[in-house]
Amino acid sequence: MTEQERSAASLNASGAAAAPGGAGDRIAELEARLARLERSPGLRERGRGLMARVIPDEATHHFRNAGREQLLGVRAIVDFWIDRIDDAEGRSGGRRRESIEID
């Protein structure tokens, strides 16, 4: 075996050189664990699966509608204050303040 072949054989799957004492095996094990974790469903998917088993579809529908109603309520508040600001600017006669810098 040539020096180049030995060098190529000592590289693991990630391209890092394998150190003596089985460090290459450890890296391979860690890469396998990482791949397994990346394939498994995440916390969000597991939580949704649990909620789907515990909460009926009708309740989920009601909760979604309640969230929508809350957002519509916030929109109404924002629209109210935008209208008030527009009215206040209209009463000021359209005059704008001008800042004058003093040296």
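Author: Nonpolar patches are made of residues with over 30% relative accessible area and no salt bridge, their side chains joined within 5 Å. In this predicted model, Val74, Val78 and Ile82 make such a patch, with an area of about 240 Å². Val74 is found in helix 4 (residues 57-91).

Reader: What makes Phe80 and Trp81 an aromatic pair, and why is the pair called edge-to-face?

Author: The ring centres of Phe80 and Trp81 are 5.3 Å apart, and the cut-off for a pair is 6.5 Å. A search of the whole structure finds one aromatic pair.

Reader: Why are Phe80 and Trp81 called partly exposed?

Author: Phe80 has a relative accessible area of 44%, and Trp81 has 45%. Buried means under 20% and exposed means over 50%, so values in between are called partly exposed.

Reader: How do you know that Arg26 forms a salt bridge with Glu29?

Author: The closest N and O atoms of Arg26 and Glu29 are 3.6 Å apart. The limit is 4 Å, so the contact counts as a salt bridge. The structure holds one salt bridge.

Reader: Where do Arg26 and Glu29 sit relative to one another in helix 2?

Author: Arg26 and Glu29 are three residues apart in helix 2 (residues 23-39), which means a separation of about one helical turn.

Reader: Why is Arg26 called partly exposed, and what is the value for Glu29?

Author: Arg26 has a relative accessible area of 41%, and Glu29 also has 41%. That value lies between the 20% and 50% limits, so the term is partly exposed.

Notes
Residues are numbered from 1 along each chain as its sequence is written. This is a predicted model: local features need pLDDT of at least 70, side-chain atom pairs count only at pLDDT 80 or more; totals for chains, interfaces and linings use all residues. Side-chain values use heavy atoms; hydrogens and water are left out. Rings of Phe, Tyr and Trp (its six-membered ring) pair if their centres lie within 6.5 Å; planes under 30 degrees apart count as stacked, over 60 as edge-to-face and the rest as tilted. Buried means under 20% relative accessible area, exposed over 50%, partly exposed in between (1.4 Å probe, protein chains only). A salt bridge is a side-chain nitrogen of Lys or Arg within 4 Å of a carboxyl oxygen of Asp or Glu. Helices (H or I, at least four residues) and strands (E, at least two) are DSSP runs, numbered from the N terminus. Patches are made of residues with over 30% relative accessible area and no salt bridge: like charges are joined within 9 Å, nonpolar side chains (Val, Leu, Ile, Met, Phe, Trp, Tyr) within 5 Å. Accessible areas come from the Shrake-Rupley method with a 1.4 Å probe; for residues, only the protein chains shown count as cover.
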